[in-house]
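Have the sequence and the 3D view ready as you read.

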Amino acid sequence: MNHLLCLLCTAMLCGAAEPTSKANANLQEILERYPQADANRNGVLTLTEAKAFQKKRREREVNRPKLKPTHADVVYGLHQRNRLDLWLVKSGKPTPLLVCIHGGGYRAGDKSQYQQQVNLIKRMHVAGISVASINYRFTEGGKNPLPISMHDAARAIQYLRHHAKKYNLNKSRFAATGSSAGACISLWLAFHEDLADSDNNNPILRESTRLIATVPVG
């Protein structure tokens, strides 16, 4: 959804009276990714059609069912956006954890979008896997330059590992997924060296930031 919005906004900046996918690369990409946006099925996507398609998607998003977290707005750091939600699966033993990281170009988005990922969470729970979704600091025009967002995500991983016993988590089996910016953050976590600081006075920062798997999307 965030990727579609970015493409649409770029297309709207075109000076043409009515941009179409014939000459606008952003509308062409939308057409390729969302062929159903071509309302009259003539093989050409107009800006009007793209905007109508986005409006319908937004309406569906608003009306989609949500799954309330087991724990909501858990504070994992000092910034106001250092919050996470948890959907814990009931289990007699510590469970693996999938950490979901929202997209939005490092400028937008929110962890609450995963409350609408009911099927994802239920599939994970059937497999015995708990789920978390996290917020992180936006770049705010350079106020919080990258990789600050990545370090926030790493801090969330460390926080969850430190409280693994409290939430019945298997701290050796953490994975991450995300789309767009969230995909980039999950890859950064997967391939960056471990940020654990064994000598730190803060026990949270002594925890590992390593993942056993990542599933980047888009």
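Contact here means heavy atoms within 4.5 Å. Helices (H or I, at least four residues) and strands (E, at least two) are DSSP runs, numbered from the N terminus. This is a predicted model, in which local features need pLDDT of at least 70, side-chain atom pairs count only at pLDDT 80 or more, and totals for chains, interfaces and linings use all residues. Residues are numbered from 1 along each chain as its sequence is written, and side-chain values use heavy atoms, leaving out hydrogens and water.

Start with helix α5 (residues 148-162) and its partner, helix α7 (residues 181-191). On the α5 side, S149, M150, H151, A153, A154 and I157 meet I185, W188 and L189 of α7. By class, this contact has seven nonpolar, two polar and no charged residues.

| Residue | Contacts |
|---|---|
| L160 | L84, L86, L97, V99, A132, L169 and F174 |
| Q158 | L195, A196, I204, L205, E207, S208 and T209 |

Is Q158 buried or exposed? Q158, which lies in helix α5, counts as buried because its relative accessibility is 4%; buried means under 20% relative accessible area, exposed over 50%, and partly exposed in between (1.4 Å probe, protein chains only).

Definitions and conventions. Axes are lines fitted to C-alpha atoms, for helices over the stretch in contact, and angles run from 0 to 180 degrees between N-to-C directions. Ala, Val, Leu, Ile, Met, Phe, Trp, Tyr, Cys and Pro count as nonpolar, Asp, Glu, Lys and Arg as charged, and the others, Gly among them, as polar. Lists of a residue's contacts leave out its neighbours within four places in sequence.
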